[in-house]
Amino acid sequence: MCGKLPCEKPTDLQTAVERLAGHTICLCKDGECLYSDRRGIVPMINFISDEVRLNGYSVADTVVGKAAAMLFVKCGIVAVYAKTLSKSGKAVLEKYGIPFGYGALTERIINREGTDMCPMEKAVADCDDIEKAYLILKEKLNRTL
């Protein structure tokens with residue numbers, strides 16, 4: 001009990017949002033949280049490559065575009081909060097029935113120089129297959145690192 005009312009346990013998504021501060025991504029499930037301070041899709045690609053089981057986790061992320069959303073689908077993420085969400089990322093989450101929230105909705109995710117579309121977004125712009133997108137993103141990331 002909290003005061004005179006019963007306390008509700010925060011959802012995994014609420015916990016992820018609360019714990020995102022100081023990180024680029026926070027994933028939570030049943031009180032367990034995973035964090036990363038790496039930018040872009042690197043954390044998700046690393047989790048997948050390291051075979052971290054993320055099925056059922058909720059995610060709070062600073063920036064979510066189509067590339068990140070597709071990786072969330074691949075991993076079985078069940079809820080997403082993005083500080084900034086692109087319209088194409090939103091479309092992926094809607095298509096796969098993943099509940100989401102966001103701070104700002106943007107037309108597209110831009111590159112770090114602010115001169116063009118994010119290269120990872122560009123890489124999957126015309127791809128709707130989750131597994132193919134993962135392979136495209138993994139290869140693109142390997143070439144840029």
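In this predicted model, five strands make up an open sheet of mixed pairing, ordered 2-1-3-4-5. The edges are taken by strand 2 (32-36) and strand 5 (100-106); each has a single partner strand, so one side of each is left without a neighbour in the sheet. Direction ignored, neighbouring strands are turned by 10° against each other on average. Strand 1 and strand 3 run antiparallel and are joined by four bridges. Cys26 stands opposite Ala60 in strand 3.

| Helix | Strands touched | Angle with the direction of strand 3 |
|---|---|---|
| Helix 1 (residues 12-19) | strand 1, strand 2, strand 3, strand 4 | about 45° |
| Helix 3 | strand 1, strand 3, strand 4 | about 165° |

The largest nonpolar core has 38 residues, and Leu27, Ile41, Met44, Leu54, Phe72 and Ile77 have the most contacts inside it. Elements that each supply at least two residues of this core include strand 1 (25-29), strand 3 (58-64), helix 3 (66-75) and helix 6 (130-144). Helix 3 gives the largest share, eight residues. Leaving out residues up to four places away in sequence, Phe72 touches Ile25, Met44, Val59, Asp61, Val64, Ile77 and Val80. Another core, of six residues, lies apart from this one, with Ala16, Cys28, Cys33 and Ala60 among them.

As for confidence, the chain has a mean pLDDT of 92, and 94% of its residues reach 70 or more. Over residues 1-5, pLDDT stays under 50, and the model has three contacts beyond four places in sequence for this stretch. Where pLDDT is low, the predicted coordinates should not be read in detail.

Conventions. Residues are numbered from 1 along each chain as its sequence is written. This is a predicted model: local features need pLDDT of at least 70, side-chain atom pairs count only at pLDDT 80 or more; totals for chains, interfaces and linings use all residues. Side-chain values use heavy atoms; hydrogens and water are left out. A nonpolar core is a set of buried Ala, Val, Leu, Ile, Met, Phe, Trp, Tyr and Cys residues joined through side-chain atoms within 4.5 Å. Buried means under 20% relative accessible area, exposed over 50%, partly exposed in between (1.4 Å probe, protein chains only). Contact means heavy atoms within 4.5 Å. pLDDT is the predictor's confidence in each residue, from 0 to 100. Two strands pair if DSSP finds at least two bridges between them. Axes are lines fitted to C-alpha atoms, for helices over the stretch in contact, and angles run from 0 to 180 degrees between N-to-C directions.
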